[in-house]
Number of protein chains: 2
Amino acid sequence: MHRRQFLSQAGLSSGLLLTSSLNRGSFSATPPRKLGVALVGLGNYSTHQLAPALQETSLCRLAGVVTGTPAKAESWAKKYDIPEKNIYNYENFEQIKYNTDIDIVYVVLPNSMHAEYTIRAALAGKHVICEKPMALNVAECKDMIAACREAGVKLSVGYRLYFEPHHLEVRRLGTEKIYGAVKMMETSLGFSMADPTVWRLNKKLGGGGAIMDLGVYAIQGARRGVGELPVAVTAQGYVRDKTIFKDIYETMLFQMEFPGGAISNSTTTYTSYVDRLYATTGYRWFGLQPAFNATGATGDSSAGKISFPTPPYQQIRQMDAFAQSIIDNTEPLASGEEGLKDLRIIEAIKQAADTGERIKIEY
Amino acid sequence: MHRRQFLSQAGLSSGLLLTSSLNRGSFSATPPRKLGVALVGLGNYSTHQLAPALQETSLCRLAGVVTGTPAKAESWAKKYDIPEKNIYNYENFEQIKYNTDIDIVYVVLPNSMHAEYTIRAALAGKHVICEKPMALNVAECKDMIAACREAGVKLSVGYRLYFEPHHLEVRRLGTEKIYGAVKMMETSLGFSMADPTVWRLNKKLGGGGAIMDLGVYAIQGARRGVGELPVAVTAQGYVRDKTIFKDIYETMLFQMEFPGGAISNSTTTYTSYVDRLYATTGYRWFGLQPAFNATGATGDSSAGKISFPTPPYQQIRQMDAFAQSIIDNTEPLASGEEGLKDLRIIEAIKQAADTGERIKIEY
């Protein structure tokens, strides 16, 4: 009997071919164990999105946490039945390398700590998912990619929308030119955020305000819709309230030029709510509003509604896909290289806003 | 009996107080005659929008035409029962001053001819509506305003959306701060236009492509939604096909800064279809899609749908309002001064795109 047939008859996903190191003695009839994920940083996103998603994942599970707050450690341990040995703080984090329950470290820390904890996780021999934006700059991204490559672990960026059905449809319509080639895109994301104590408004921790936090969505929406990487950008930065936005832009608008001639126009802002994507191909168009939020999109087009059942947590698919890429030993879809591309674009956008110049981008 | 009471009892609109020169012997019980409109230029807009609208207007009517094409003159005369004496061409246009059937000249010519024909109409003693954009530049607008003032005639710009219910609602929501002060706006208008024989693509006739033709809508949408005039702009111009767009931008994106701190981001393009308006005030928002076209808008907001019965021709209200301002001797709502403001903004946008600089605007 071939391995695939065996696994199939054992009721396992046909796509799920575990390596022996992962299922600890393959060719048994018991279902393979799920890969263990440790969440690093227990803020809103871990609490309200990732932890619930990890209760529904097929190929991975919440196995550990890393937190600097003992009270959080306690409540998470109780809520999710996490053994004490799988709970780490930022001092003893390195010890995670000896923990065979943990296969994946998911870095959900402020942007300034992405590079450090991704590299520390790689050195501990763990696969890594790092939240977006991948890092503060291109140099950090390169270091992270190199560290994971050298450690022989896989690296992914938390691009949940790579697995969201409305965004997959936008990508299909754009890249397969279903309505013709996309000529213009508009992507916008913003919300009201005026609390200077939030790390996102701290230049050192967040890396530069709305463009770091929200820009990734607007960039990804445009570049995946067009199906190309931008080759030049212009950008404008604005601050309304300098007492709150001391050294970062509150609003950043940017325009991207694609090699095939398409143009995108984007808004990112901390002033107010906006969440839209629009693509136009000549006489036809498609779009999403809301577009980027975690709780579901609504789509429309010149051919009618774009409507899919939105799974409650896009992160279920995202994390299972990463687990699958580990199991299959393939390159993750939302790879570190993808994250690096976005940081190249973000760096160019920042430079364009600071200088008023049109900035070319090379990859 | 007071004049107003008399007119009211005679079944006339209470707002309609005609001057004796207009109803030729007021205080008669017969309804006042409608003001006579002569359309100058019988292209698509005159044919499919203005002429049908003038069959429904209460205070004015289609009384004459000015055309360089005898066949058009003949078919219009037949279709709309226009006497031969009310049909002019571009050579004998000046004779219109002797025609008491014509009170208003409506200039529906290519942009480069707006100033010339507005001034010629004023010199002929006729009130003028000029299509948008009002002229090619600020200097022409000033000349037009001066000519009309000196001739003692009223001047209006063909801003039909000043009278469209969805746009009046956007203006109300914005200027009355129903959802709070507007902090960001996005306005976009574009369609596919790649025929170099069309006057709009000729720099001399059109004045500069999408920003002239479509920019007025995007500018007006933002400045009327915010309720302020922009004080500075940045802009970017793009051409995909230089064989078609020889000396004008095919796409122009622009960003406007308002004195209260609001920002707008706009797209105008001849590459492809886009027709959207969005305003956001913090946590709340309102928008239109389609927004600017002549056949009706669809609105949505954080508080639910924005829906009004769209009258078939917005121009009915527009032209009747102008007739009313003549009758009442008041300043037209869509005045020449409003048109001048938009040309100041357009000139700044063009300069910003050409130089890459942020351009301040003074009014």
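Predicted model: local features only at pLDDT ≥ 70, side-chain atom pairs only at ≥ 80, totals over all residues.

Trainee: In what sense do strands β4 and β5 of chain A pair?

Mentor: Strand β4 of chain A covers residues 104-107, and strand β5 of chain A covers residues 127-130. They pair over 4 bridges. The sense is parallel.

Trainee: Which strands are the edge strands of the open sheet of 6 strands in chain A?

Mentor: The order in chain A is β3-β2-β1-β4-β5-β6, with parallel pairing. An edge strand pairs on one side only. In chain A, that picks out β3 (87-88) and β6 (155-157).

Trainee: How many residues of chain B are in contact with chain A?

Mentor: Chain A brings 31 residues to the contact. Elements of chain A that give two or more residues to that side are β7 (184-190), β8 (232-238), β9 (251-257), β10 (263-269) and β11 (274-280). By class, the chain A side has 9 nonpolar, 5 charged and 17 polar residues. On the chain B side, the number in contact is 31.

Trainee: What kind of axis relates the two copies?

Mentor: Chain A superposes on chain B by a rotation of 180°, with 0.0 Å of shift along the axis and an RMSD of 0.0 Å. The copies are therefore related as by a two-fold rotation axis.

Trainee: Which C-alpha of chain A is nearest the axis?

Mentor: Look for a distance of 3.6 Å from the axis. The C-alpha belongs to A:Gly356.

Trainee: Why do the copies meet through the same surface?

Mentor: Compare the interface residues of the two chains. The copies share that surface because the fraction of chain A interface residues that are also interface residues in chain B is 100%.

How values were computed
Residues numbered from 1 in each chain as written. Chains lettered and ligands numbered in written order. Pairing = 2+ DSSP bridges. Contact = placed C-beta atoms within 7 Å. Nonpolar A, V, L, I, M, F, W, Y, C, P; charged D, E, K, R; others polar. Least-squares fit on C-alpha atoms with pLDDT ≥ 70 in both.
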